[in-house]
Amino acid sequence: MIDSRILVGLLAVLISISGIVYVGIGEADRQAEFTQAFEGRSIEAGAALYTQYCTECHGFKGEGGVGPTLNSKYFFEQRLADIGYQGTMKSFLTLTIRGGRPVMSDPNYGRNMPTWSVDYGGPLRNDQIDTIVSYVMNWQEAAPDLGDPNAEPTPVPGDTPEERGKNLFTGMGCVGCHAIDGQGGVVGPELTNVISKGEDYVHESIVQPNAVIAEGYQPNLMPQNFSQRMSEENISDIIAYLQSVSGG
Ligand code: HEC
Ligand code: HEC
């Protein structure tokens, strides 16, 4: 008799625990869904605000312009270490956007990063800034690898421009796609006499490969970011090398 009462009691306890667990699990799900929906809406709202207030200087998709590139692997993975910031990317974005950069960190910037938060006289509420932060953070996963914009160009071995240019031609992987005197890849055109098209043409072909597409070849195969990975001096060394190999 007592036994069965204990059993019934235990059963009741078990049932109510499982009920609580069940509701608890459901609640976690609902919360996750809610968080997701909230983040989705936040990113959307942030996108609209970004387009209105930030595009002018940072580009439509954070590619940069008057202001620095925000949508890059460097920015998300290396930037904070480079400036010695200890906090998270989220807090860096929040603080930078709220306060702006009233004092320029680099005189090469044509303009100042404005102050955005109403707290400091800017036009945006902090909850609006939070949505912009969510929007910028959502670039992180697919942020393109554009190299380190502040990297000191690694010294290229060679005593003359032609030698350095030749080393760059190999070191930067040009030779994998382009042949000189029949030696090298065939993805892009043979470059032995390309210099006859003019130095400016060759320069443009390197820094802006899609500006003119060589006849019979595909666009977008040649990397688009050599201008970020090489200095002007590197490029003129390559041009010197191409000059030295051409027959004419
Ligand atoms: C008038 C041009 C301009 C506008 C508009 C602008 N910025 Fe900037 N931003 C800059 C400049 C210039 C810098 C670099 C300033 C410096 O370091 O001195 C910068 C820096 C930043 C940085 C820090 C980047 C780094 O690597 O240190 C972030 C983040 C940023 N801006 C986000 C935004 C967002 C988000 C908006 C829109 C709410 C915005 N900016 C609007 C010009 C602008
Ligand atoms: C992954 C392959 C690839 C790599 C790497 C590459 N290129 Fe190209 N390049 C191409 C292709 C494809 C074209 C033709 C399409 C075009 O014009 O963009 C081309 C076009 C060019 C042209 C114009 C040729 C003409 O006849 O009009 C020059 C000059 C050139 N590349 C130089 C270079 C240099 C210098 C490098 C290294 C710094 C390099 N390329 C790296 C694929 C590549």
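Modeller: Start with Phe169. Phe169 has 20 C-beta neighbours inside 10 Å, so the residue counts as buried. The cut-off for buried is 20 or more. Keep in mind that this is a predicted model.

Where does Phe169 sit? Phe169 is part of helix H7, which covers residues 161-171. Set aside the neighbours within four places in sequence. Phe169 is then in contact with Cys174, Val175, Ile238 and Tyr241. Asn234 is another residue to look at. Phe169 and Asn234 are separated by 65 residues in sequence, yet their C-alpha atoms are 9.9 Å apart in space.

Asp181 lies in the loop that links strand E1 (179-180) and strand E2 (183-184). Is Asp181 buried or exposed? Asp181 counts as exposed, because it has 10 C-beta neighbours inside 10 Å. The backbone deserves a check here. Asp181 has a positive phi of about 50°, although it is not a glycine. Most residues other than glycine have a negative phi.

Now set the other ligand beside this one. Ligand 1 has 24 residues around it. Cys54, Cys57, Gly67, Ser105 and Met113 come nearest. Helix H2 (55-58) and helix H5 (89-99) each supply at least two residues of that shell. The shell around ligand 1 holds 15 nonpolar, 4 polar and 5 charged residues.

Thr96 counts as partly exposed because it has 16 C-beta neighbours inside 10 Å. Thr96 and Thr115 are 19 residues apart in sequence, and their C-alpha atoms are 8.4 Å apart in space.

How far can you trust each region? The mean pLDDT of the protein is 86. A value of 70 or more is reached by 86% of the residues. Confidence is lowest in helix H1 (residues 2-53), at a mean of 73. Confidence is highest in helix H6 (residues 126-137), at 97.

H6 has 12 residues and reaches 16 Å from its first C-alpha to its last. That is close to the 16 Å expected at 1.5 Å a residue. Which residues of H6 are buried? They are Ile129, Thr131, Ile132, Val133, Ser134, Tyr135 and Val136.

Last, the whole chain. The protein has 11 helices and 2 strands. Along the sequence, the pattern runs α-α-α-α-α-α-α-α-β-β-α-α-α. Of its 248 residues, 18% count as buried, and Phe169 is one that counts as buried. Among contacts with a separation of 6 or more, 56% join residues 24 or more positions apart.

How values were computed
Residues numbered from 1 in each chain as written. Chains lettered and ligands numbered in written order. Predicted model: local features only at pLDDT ≥ 70, side-chain atom pairs only at ≥ 80, totals over all residues. pLDDT = per-residue confidence, 0-100. Helix = DSSP H or I, 4+ residues; strand = E, 2+ residues; numbered from the N terminus. Buried ≥ 20, exposed ≤ 12 C-beta atoms within 10 Å, placed from the backbone. Contact = placed C-beta atoms within 7 Å. Expected span 1.5 Å × (residues − 1). Near = placed C-beta within 6 Å. Nonpolar A, V, L, I, M, F, W, Y, C, P; charged D, E, K, R; others polar.
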